[in-house]
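Here is a short briefing on one protein chain. Keep the sequence and the 3D view side by side as you read.

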Amino acid sequence: MINNCAIKYFTWLSTAFHQQLHFLSMSASNQSPAPIIDNLSNLENPFRCTSFSASHYLSKQIPGADTDLEFTLKFLYSYNGSQATFNSYRRELERLLQWAWRIEEVSILSLKREHIEDFVQFCIEPPLAWIGTKNVARFKSRNGERVVNSDWRPFVVSVSKVEFRSGKTPSAKDFRPSQAAIKCIFTALSSFRKAWFPPTLWH
């Protein structure tokens, strides 16, 4: 029979565990992630690559992350004939990878439908540290190498020309995705799942 002390201990242990998970999640949220996928013109053909490593983008080892990266790069590269589609899908899938790896700390292969709902909600209300106030390139060329642009953010808030003329400047706190932007998330995820994964994934 479990006594009251044991019950109190296990209750404390459970509380401490969840507090630690919350702390780790908040730590990841408070730091803007680095970009993962470069422009098409600087992207090596992934179908010619024999191995993939996501370790550069991870703070801890996540089983399946290498496969996540492989599938994402190959899917995006298949749109190398459509720059607009590539850019749109890259934006949404890069956010998915960053959210899964940094916030949930899981492979996208393990996601369920409820996770996708959480991801969409995350995109509607991302952490302030993940929101920029200007569109900038993900990477910059320096001494013949591609380096991360520290000003880049996964999400960007902007103001209309009329608001700008009236003196209003963009603020991360004002980020509100449009219905069209939310639709783009579902379109990209649906196309990605159909291209690479069985129908049971994310259900």
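In which loop is the place of Glu-105? Glu-105 sits in the loop between H3 and H4. Keep in mind that this is a predicted model. The points below start with the whole chain and then move to single residues.

**The chain as a whole**

- The chain contains six helices and four strands.
- Starting at the N terminus, the order of elements is α-α-α-α-β-β-β-β-α-α.
- The chain has 203 residues, and 35% of them are buried.
- Take the contacts with a separation of 6 or more: 68% of them join residues 24 or more positions apart.

**The largest nonpolar core**

- This core has 42 residues.
- Leu-96, Trp-99 and Trp-101 are the members that touch the most other members.
- Helix H2 (65-77), helix H3 (83-104), helix H4 (113-124) and helix H6 (179-196) each give at least two residues to this core.
- H3 provides the largest share, with nine residues.
- Trp-99 also has contacts beyond its neighbours within four places in sequence: Glu-104, Leu-111, His-115, Asp-118, Phe-119, Phe-122 and Trp-130.

**How H2 and H3 pack**

- Two packed helices are described by the angle and the distance between their axes.
- The axes of H2 and H3 come within 10 Å and cross at roughly 170 degrees.
- An angle over 145 degrees counts as roughly antiparallel, so H2 and H3 are roughly antiparallel to each other.
- On the H2 side, the contact is made by Ala-65, Asp-68, Leu-69, Thr-72, Phe-75 and Leu-76.
- On the H3 side, Phe-86, Tyr-89, Arg-90, Leu-93, Leu-97 and Trp-101 take part.
- By type, the residues of this contact are nine nonpolar, one polar and two charged.

**Glu-70, a residue of H2**

- Glu-70 is found in helix H2.
- Glu-70 has a relative accessible area of 21%, so it counts as partly exposed.
- The side chains of Glu-70 and Lys-74 are joined by a polar contact of 2.7 Å.
- Glu-70 and Ala-54 are 16 residues apart in sequence, and their C-alpha atoms are 8.9 Å apart in space.

- Is Asp-38 buried or exposed? Asp-38 is buried, because its relative accessibility is 9% and the cut-off for buried is under 20%.
- Asp-38 lies in the loop between helix H1 (4-29) and H2.
- The side chain of Asp-38 makes a polar contact of 2.8 Å with the side chain of Arg-146.
- Leaving out residues up to four places away in sequence, Asp-38 touches Leu-43, Phe-86, Arg-90, Phe-139 and Arg-146.
- Phe-86 and Arg-90 also belong to the H3 side of the contact with H2.

- Glu-105 is partly exposed, because its relative accessibility is 28%.
- Asn-143 is not a glycine either, yet its phi is positive, at about 55 degrees.
- Where is the place of Asn-143? Asn-143 is in the loop between strand E2 (139-142) and strand E3 (145-148).
- Asn-143 has a relative accessibility of 77%, so it counts as exposed.

Conventions
Residues are numbered from 1 along each chain as its sequence is written. This is a predicted model: local features need pLDDT of at least 70, side-chain atom pairs count only at pLDDT 80 or more; totals for chains, interfaces and linings use all residues. Side-chain values use heavy atoms; hydrogens and water are left out. A nonpolar core is a set of buried Ala, Val, Leu, Ile, Met, Phe, Trp, Tyr and Cys residues joined through side-chain atoms within 4.5 Å. Buried means under 20% relative accessible area, exposed over 50%, partly exposed in between (1.4 Å probe, protein chains only). Contact means heavy atoms within 4.5 Å. A polar contact is a pair of N or O atoms within 3.5 Å; within protein, one must be able to donate a hydrogen and the other to accept it, and residues adjacent in sequence count only if both atoms are side-chain atoms. Axes are lines fitted to C-alpha atoms, for helices over the stretch in contact, and angles run from 0 to 180 degrees between N-to-C directions. Angles under 35 degrees count as roughly parallel, over 145 as roughly antiparallel, 65 to 115 as roughly perpendicular and the rest as oblique. Ala, Val, Leu, Ile, Met, Phe, Trp, Tyr, Cys and Pro count as nonpolar, Asp, Glu, Lys and Arg as charged, and the others, Gly among them, as polar.
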